[in-house]
Amino acid sequence: MKKLISVFSSFLFSFALLYANEFKSFLVPDLNESVVYVGAYDWGACIDKIVINVGIMVSPSAVRAPDFKVNQILYVKNGSLGMAKGELSVVDAFCSDSTGSQIYEPSSYITVLTDVYPEAENSSPFVSLSLGDRFEKMYGYRVENDELDISIKKMKGFVNSLASCFEVDSFSYTYPATEEDLADPKYKEESVTLPYASFIPQDNSGKKIPLILWFHGMGESGDNIYKVLFGTKTTALVDKGIQGYFSDGVAVLAPQCPSGWLQVKEKGAFGIRYWAPIDKEAPVNAVKKPVSKFLGKFFVKKEREKVPIEKIPFAAVSYYTEPVSALLDKFLGENPQIDINRIYVGGCSAGGYMTMNMMIQCPERFAAAFPICEYYLDSKITDSQIRSLAKKPLWFTYALNDGSVNPEKNSIPTIKRLLSAGADNVHYSEFRNVVDLSGNYLMNRTADRDDEDFGLPYEYEGHWSWIYVLNDVCNDGDLKMFEWLSNQ
């Protein structure tokens, strides 16, 4: 994968975490500070602008982009020592005001624009290196210009207006002990902490508002909530485009899983929990079954009345079902303006699995769901669960060339079963592949007109169908997905 966040990568947004409590104030940056602007793009977070306060008045004619050098710096030992990690490509520079707007008169502020595209090197603010507890985790950018004798070594923090709309907090949940647990002398209490970001629309005149419960993908797991906001452009949920479908706006609750939503309740060898989707029939049971059959020849089994029961799929319930439900209860209790009859749930990849998991485990809580490239194997859904899901409004999204989650084993057969079960409010958006929609990013930026790939849009991995959802291009005929959602 081309520099982008891989499924099981672990990143630290260290510098932002260091200033997490001040993040919201950067919607209007401190006039005396140098700051880094982070854009939320289809491929993730990308540094696109740096506004520096040079402390002296500089003439616009003296500011030239080729004279600037921008480096990622990993600071250690309280910022006294910095290691350059890589250089960003500068595309423009100019005198500006404190917010980065260009002005044509002398200023003490200079704005530097960096190159933005999916494979831009060193443009992600997520640190791919953990230094351990010995060092203070601090990560920034150094802007230098020898011609102007400028060297700004530290930045106050990151700026993103949509991310600053979210409140950031965490929720701790302790799993209740069973009688079996209490009888076990080795039992240890289990608990989990879920960081979460939340958004409540303002000025809704006291009216009840709906809520979107959003589940991130595997790549955004961990303890840094900003990975959730930027990893798949979750910030789009609070932008005016999607918010505009809801008459009074829609609240957003986005919890972060420390390990992965796919971790399930069942445990295997050495007490290690299984990860879904998993097939219990293989490989170990492929060996056990013939052995059992062989031993059965030597024992007489008492005949029992055969009662037809529906087989419950193994490894189907997420370990995080209860913590998420408890977090939702807490959030609703703190925000009585949310309409409990209009709670929607959606997510991508592993978050799509969690979306299906919540709809199966507690369908009464949700008015509708929109799973994206969902990782819930159709073979793990029972017929009775399908009949229950068929009563709910559902909208699936996937790409046929998804190389991570095969829709032929997940969404497609599930949709067919739902329709066969009489579902009358099930929709889906099927795409051949996933490409750039903006027209700004090309497959080959340097292609000549005679080249076969000239002008072709950049193509992402087929798994990334959440790009279509969060860019609001999913529709079923004339019906758009978020318009549909707002009516449930």
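**Close-up views of a predicted model**

View 1. At 13% relative accessibility, Arg-273 counts as buried (buried is under 20% relative accessible area, exposed over 50%, partly exposed in between, with a 1.4 Å probe and protein chains only). This is a predicted model, where local features need pLDDT of at least 70, side-chain atom pairs count only at pLDDT 80 or more, and totals for chains, interfaces and linings use all residues. Residues are numbered from 1 along each chain as its sequence is written, and side-chain values use heavy atoms, leaving out hydrogens and water. The side chain of Arg-273 meets that of Glu-190 in a salt bridge (2.9 Å, N to O); the term means a side-chain nitrogen of Lys or Arg within 4 Å of a carboxyl oxygen of Asp or Glu. Glu-190, at 26%, is partly exposed.

**View 2. Asp-329 meets Arg-365.** Here the salt bridge comes in at 2.6 Å, N to O. Asp-329 sits in helix H6 and Arg-365 in the loop between H7 and strand E17 (368-372), so parts 36 residues apart in sequence get tied together (helices, H or I of at least four residues, and strands, E of at least two, are DSSP runs numbered from the N terminus). Asp-329 is partly exposed, with 44% relative accessible area.

**View 3. Lys-480 and Asp-472 make another salt bridge.** Their side chains meet at 3.9 Å, N to O. Lys-480 is partly exposed at 28%, while Asp-472 is buried at 16%.
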